[in-house]
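Hi there,

Here is the structure I promised to pass on.

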Amino acid sequence: MKVALYARVSTEQQIENYSIPLQIERIKGYCISRGWDQIEEYIDAGYTGSNINRPALAKLQQDIKSGLIDVAIVYRLDRLSRSQRDTLFLIEDVFLPNNVEFISISETIDTSTPFGRAMVGVLSVFAQLERETITERLRSGRYKMVKEEGLWSGGADASPYGYTRLDRGVLVVNEEERKHIIRIFEEYVKLKSYIKVQDKLLEEGFPLLRPQRIVNLLKNRLYIGEVSFAGQWFPGTHEPIISKELFEEAQRI
């Protein structure tokens, strides 16, 4: 039997916690118990299970359609996918039509049996429910962080222009970028033209910002001390860069 061992984790933290080696060890142990020794590994480290856009999974599907695989094995069903639709697509449109047996060793799923095929549908529903529950919890946590604590909810590895992001969305002013933002607002109120503002600041030695970037900065209420979530704005705890009067004048223009 030609076996495809598929393993996946979604974050770097999981990779460091040896989830991939654990999956490989358990699957290989299962294969040994069945007397299967032709094992090809397909590993997606750091890829979400919410879709099937993963390089190793794509290679697995290609090899299955080329007749190179007899059995596909995962440690848990949610390692294959956390989407019910994608799970059923892979099983019903990729594995079974190409006579590939699918096995999940944790849930004792074996699509060579009618019961195993039925269990795939049931468990894929719960895998998707778990993913959606986690997403909703994260969303609720971010909403609370913004509304109740006044913190910025942007990415952990990014900072909005004009600020430096610290832990948990705390923002502190970047003094060099503050000067740039103030000059953008001041010159726009005077010149009433994005292009003229761009030209003026370049003459003064400020970094180049495209007109659309200037537009976005001028509309951003972050600079008057507010933070947003899902299109709603709330009072923030960070220091404003622009006065409300200057901001409103720019909006009027």
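Strand β1 (residues 2-9) runs parallel to β3, and 3 bridges join the two. Strands pair here if DSSP finds at least two bridges between them; the elements themselves are DSSP runs numbered from the N terminus, with helices being H or I of at least four residues and strands being E of at least two. On its other pairing, β3 meets strand β4 (residues 101-104), also in the parallel sense, over 4 bridges. Ala 72 takes part in both pairings: Ala 4 has Ala 72 as its bridge partner in β3, and Ala 72 in turn has Phe 102 as its bridge partner in β4.

Before going further, please note that this is a predicted model, in which local features need pLDDT of at least 70 and side-chain atom pairs count only at pLDDT 80 or more, while totals for chains, interfaces and linings use all residues. Residues are numbered from 1 along each chain as its sequence is written, and side-chain values use heavy atoms, with hydrogens and water left out.

Back to β3. In a regular strand the side chains alternate between the two faces of the sheet. In strand β3 (residues 71-74) both faces are covered, with Val 71 and Ile 73 buried on one side and Ala 72 and Val 74 buried on the other. Buried means under 20% relative accessible area, exposed means over 50%, and partly exposed is in between (1.4 Å probe, protein chains only).

Asp 78 sits in helix α4 (residues 77-80). Asp 78 counts as buried because its relative accessible area is 4%. Its side chain has two arginine contacts worth a look: one of 2.8 Å with the side chain of Arg 76, and one of 3.1 Å with the side chain of Arg 79. Both are polar contacts, meaning a pair of N or O atoms within 3.5 Å; within protein, one must be able to donate a hydrogen and the other to accept it, and residues adjacent in sequence count only if both atoms are side-chain atoms.

Where does Phe 234 lie? Its place is strand β9 (residues 232-235), and Phe 234 is buried, with a relative accessible area of 10%. The C-alpha atoms of Phe 234 and Gly 150 are 6.9 Å apart, although 84 residues separate them along the chain.

Two residues other than glycine have positive phi values. Asn 99, with phi near 55°, is in the loop between α5 (84-95) and β4, and is exposed at 67% relative accessibility. Lys 192, with phi of about 55°, is in the loop between α7 and α8.

Those two helices, α7 (175-191) and α8 (194-203), each supply at least two residues to the lining of the largest cavity. α8 gives the most, with 4 residues. The space in that cavity is about 40 Å³, and the count is 1 cavity of 30 Å³ or more. A cavity is a set of points, on a 1 Å grid over the protein atoms alone, where a 1.4 Å probe fits but cannot get out, and lining residues have an atom within 4 Å of a point. Grid points are joined across faces, edges and corners, and a volume is the space filled by probe spheres set on the points. Among the lining residues are His 180, Gln 198 and Leu 201.

For the whole protein chain, there are 10 helices and 9 strands, and 41% of the 253 residues are buried.

Happy modelling!

Methods
1 Å grid on protein atoms, 1.4 Å probe; cavity = no way out; pocket = protein on both sides within 12 Å on 5 of 7 lines; lining within 4 Å.
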